[in-house]
Amino acid sequence: MKTIIAAYSGVLRGTGSSILSALQDLFWLSKSKVEKQLQIISVLQWVLTFLIMGVACTLILMYILCTDCWVIAALYLAWLVFDWNTPKKGGRRSQWVRNWTIWRYFRDYFPIRLVKTHNLLTTRNYIFGYHPHGIMGLGAFCNFSTEATGVGQKFPGIRPYLATLAGNFRMPILRDYLMSGGICPVNRDSIDYILSKNGSGNAIIIVVGGAAESLNCTPGKNSVTLRHRKGFVKLALRHGADLVPVYSFGENEVYEQVIFEEGSWGRWVQKKFQKHIGFAPCIFHGRGLFSSNSWGLLPYPKPITTVVGEPITIPKIDNPSQREVDFYHSIYVDSLIKLFDKYKSKFGLPETEVLEVN
């Protein structure tokens, strides 16, 4: 009888252990699923911000003006007039916003990494040339407009400013949201102010290829629009700001895009938008919200690794000649190609891969 009871107790203990183990497995599975959903939500809110927040906030503000709550909209518009030039003066960054937990979920969705190769002196100012643009510049945003990848720890004393279309700062609410992350207009007034009246230790990140480069981005292609982009070099010379090449491996992999051939009606429309509005409409898709096998607006979860290269020391020349601009531009192009060649195999590209500079 004692033997039977002992055996039965052993079975109960074994069954209890199995149930506990199963519950633990279920718990961790659920936690993993919750984290994945939070990652999807964090990326989705940024995609919607990028695509529709400016227009949506403008329409909502106009609607409120026609309701009993018009005073709220009127007060905001009065504030907007008073605050209109703030984006041109370095904006209004918020460390609280830059450290939001949502950005860590955003980072982990891909994941996105920031690789430091050299120290940056806080006694100097910098212009980072970011390549390639991709569809939305996701790596540029995560690395330099948030603290998710530790830019503040990796480059202590350096204040990054991601430069984007000036038109975004004419949109109510959106402008304040962008400024809170340290994003500024990519125009001469804003860049001149940051590099000349904001002390040292500033780093302006310019996506050099811009809208033109976004029209050609596609998975498997490493191509940059740089050969005739020299304005950022002239700005660096005028302010004596060191140039830093930055390449994001994987930026072109997160969306599929319909590429229109030169001379086609589609490319004509894109170029007209680019010329008159500042951005080029792209026909692209990623994965769906509920299934990775369907099409949607979510980017594909492919790794993005942003490598910050060695700074190029630039002298201060108030009125640089074209010859001087061309000279330092050629040094920058060579430095970017060397950076790409040094790290391409480490981040999944074959040794035979060549960076195409257009």
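Author: Start with the words. Helices and strands are DSSP runs, numbered from the N terminus; a helix has at least four residues and a strand at least two. Keep in mind that this is a predicted model.

Reader: Where does Ile 173 lie in those terms?
Author: Ile 173 is in the loop between E3 and helix H7 (174-180). Its backbone is worth a look. Ile 173 is not a glycine, yet its phi is positive, about 70°.

Reader: Is Ile 173 buried, exposed or partly exposed, and why?
Author: The cut-offs decide: buried means under 20% relative accessible area, exposed over 50%, and partly exposed lies in between. Ile 173 has a relative accessible area of 37%, so it is partly exposed.

Reader: Let me step back. How many helices and strands are there in the protein?
Author: The protein has 12 helices and 12 strands. Its C-alpha atoms fill a box of roughly 100 × 65 × 50 Å along the principal axes. The protein has 358 residues, and 45% of them count as buried. The accessible surface is about 18600 Å². Carbon and sulfur atoms hold 62% of that surface.

Reader: What share of the contacts joins residues 24 or more positions apart?
Author: Take the contacts with a separation of 6 or more. Residues 24 or more positions apart account for 78% of them. The C-alpha atoms of Thr 305 and Ile 112 are 5.8 Å apart, although 193 residues separate the two along the chain.

Reader: What else is Thr 305 in contact with, leaving aside its neighbours within four places in sequence?
Author: The contacts of Thr 305 are Arg 113, Val 115, Tyr 247, Ser 248, Phe 249 and Phe 347. Thr 305 counts as buried because its relative accessibility is 7%.

Reader: Now the strands. How do I read a pairing such as E3 with E5?
Author: Look at the sense, then at the bridges. Strand E3 (residues 159-164) and strand E5 (residues 202-207) pair in the parallel sense, over 5 bridges. Tyr 161 has Ile 204 of E5 as its bridge partner. Ala 163 is bridged to Ile 206 of E5.

Reader: Which strand does E3 join over 3 bridges?
Author: That is strand E4 (residues 183-185), which runs parallel to E3. There, Ala 163 has Cys 184 as its bridge partner.

Reader: And how do E2 and E5 pair?
Author: E2 and E5 are parallel, with 5 bridges. Gly 129 is bridged to Ile 206 in E5.

Reader: What is the order of the strands in the open sheet?
Author: The order is E8-E9-E10, and the pairing is antiparallel. Strand E8 (256-257) and strand E10 (295-296) stand at the edges, each with a single partner strand, so one side of each has no neighbour in the sheet. Strand E9 (residues 284-287) pairs with E10 over 2 bridges. Arg 287 has Trp 295 in E10 as its bridge partner.

Reader: Where are the cis peptide bonds you would show me?
Author: Check omega. Phe 110 and Pro 111 are joined by a cis peptide bond with omega about -5°. Pro 111 sits in the loop between helix H4 (101-109) and strand E1 (112-116). The bond from His 131 to Pro 132 is also cis, with omega near -15°. Pro 132 is in the loop between strand E2 (126-131) and helix H5 (138-144).

Reader: Which residues form the nonpolar patch on the surface?
Author: They are Leu 48, Phe 50, Leu 51, Ile 52 and Leu 297. Together they have about 400 Å² of accessible area. Phe 50 lies in helix H1 (residues 2-65). Phe 50 counts as partly exposed because its relative accessibility is 40%.

Reader: What does the UniProt record say about residues 40-64?
Author: An unreviewed UniProt entry annotates residues 40-64 as "transmembrane region". In the model this span is 100% helix and 0% strand. Its end C-alpha atoms lie 31 Å apart.

Notes:
Residues are numbered from 1 along each chain as its sequence is written. This is a predicted model: local features need pLDDT of at least 70, side-chain atom pairs count only at pLDDT 80 or more; totals for chains, interfaces and linings use all residues. Side-chain values use heavy atoms; hydrogens and water are left out. Patches are made of residues with over 30% relative accessible area and no salt bridge: like charges are joined within 9 Å, nonpolar side chains (Val, Leu, Ile, Met, Phe, Trp, Tyr) within 5 Å. Accessible areas come from the Shrake-Rupley method with a 1.4 Å probe; for residues, only the protein chains shown count as cover. A salt bridge is a side-chain nitrogen of Lys or Arg within 4 Å of a carboxyl oxygen of Asp or Glu. Buried means under 20% relative accessible area, exposed over 50%, partly exposed in between (1.4 Å probe, protein chains only). UniProt positions are given in the numbering used here, feature names are shortened, and annotations may be inferred rather than shown by experiment. Two strands pair if DSSP finds at least two bridges between them. Contact means heavy atoms within 4.5 Å.
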